[in-house]
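Colleague: I am new to this one. Could you take me through it and say how you know each thing?

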Amino acid sequence: MLLLLLGIVILHIAALVLLFVSTIVSAWTTGSTSSSDLWNNCSTTNGGYHCDLANTGEWIQAVQALMILSIIFSFISLFLFFCQLFTLTKGGRFFLTGVFQILASLFVMSGAVIYTVMSPKWVPDSEAFGWAYIMAWVAFPLALISGLIYVILRKRE
């Protein structure tokens, strides 16, 4: 049982780190002369480096909010897991922890879908999706799986 709990915590922390890094790093889309993320759209033209803030559209603000909410809900879920680990009665399920983690996974999925659909209007066609965008998509199934495991898991003595 101890190894199972340790594995779940490692999975949860891995998803949380992926969410945190993908939200902060400026590599959601990358190209030879420009890069874009949730906060800036930067490009190099005529030897100069120019950045535009990402507050130009409601959709990018929605993606920002969803990614931040996913981090918050995942952190709350981890906190609730440790609280429930010591206070839950024998045979009880980690239902509240699982619900928060599943919501975090749905938030990151929604943010990544909105970015996928709306980014062609904001990002040049010469750019490709970057590694931080891929990390956000990888965090979605990890958070979803850990949330489902929390819902299924029962506490043993």
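Modeller: From the N terminus on, the elements run α-β-β-β-β-α-α-β-α. That comes to 4 helices and 5 strands. Keep in mind that this is a predicted model.

Colleague: What does the C-alpha trace span along its principal axes?

Modeller: About 65 × 25 × 20 Å. The protein has 157 residues, and 44% of them are buried. Of the contacts with a separation of 6 or more, 72% join residues 24 or more positions apart.

Colleague: Why is Y133 called buried?

Modeller: Its relative accessibility is 8%. Buried means under 20%. The value 8% falls under that cut-off, so Y133 counts as buried.

Colleague: Where does Y133 lie, and which residues does Y133 touch?

Modeller: Y133 lies in helix α4, residues 131-152. Leaving out residues up to four places away in sequence, Y133 touches A27, W28, A112, Y115 and T116. Y133 and S26 are 107 residues apart in sequence, and their C-alpha atoms are 9.5 Å apart in space.

Colleague: What makes the pair Y133 and T116 a polar contact?

Modeller: The distance between the two side chains is 2.3 Å. The cut-off for such a pair of N or O atoms is 3.5 Å. The pair is within that limit, so it qualifies as a polar contact.

Colleague: How do you know that the length of α4 agrees with its number of residues?

Modeller: Take 1.5 Å a residue. The 22 residues of α4 should then span 32 Å. The end C-alpha atoms are 32 Å apart, so the two values agree.

Colleague: Which residues of α4 are buried?

Modeller: A132, Y133, M135, A136, A139, F140, A143, S146, G147 and Y150.

Colleague: What do the buried residues of α4 pack against?

Modeller: They pack against α1 (2-24), α2 (58-87), α3 (95-118) and β5 (128-129).

Colleague: Why is S146 called buried?

Modeller: Its relative accessible area is 0%, and buried means under 20%, so S146 is buried. S146 lies in helix α4. A polar atom of the S146 side chain lies 3.0 Å from the backbone oxygen of A143. S146 also touches L11 and Q101, not counting residues up to four places away in sequence.

Colleague: Which residues does the "transmembrane region" annotation cover?

Modeller: The unreviewed UniProt entry gives residues 62-82, 94-118 and 130-153. In the model, residues 62-82 are 100% helix and 0% strand, with end C-alpha atoms 30 Å apart. Residues 94-118 are 96% helix and 0% strand, with end C-alpha atoms 36 Å apart.

Colleague: In what order do the strands of the open sheet stand?

Modeller: The order of the 5 strands is β4-β3-β2-β1-β5, and the pairing is antiparallel.

Colleague: What makes β4 and β5 edge strands?

Modeller: Each has a single partner strand, so one side of each is left without a neighbour in the sheet.

Colleague: Why do β3 and β4 count as a pair?

Modeller: Pairing needs at least two bridges, and 6 bridges join β3 (residues 40-45) to β4, so they pair. The two strands run antiparallel. N41 stands opposite D52 in β4.

Conventions: Residues numbered from 1 in each chain as written. Predicted model: local features only at pLDDT ≥ 70, side-chain atom pairs only at ≥ 80, totals over all residues. Heavy atoms only, no water. Buried < 20%, exposed > 50% of the residue type's maximum accessible area, 1.4 Å probe, protein only. Contact = heavy atoms within 4.5 Å. Polar contact = N/O pair within 3.5 Å; in protein donor to acceptor, adjacent residues only side chain to side chain. Expected span 1.5 Å × (residues − 1). UniProt positions renumbered as here; feature names shortened; annotations may be inferred.
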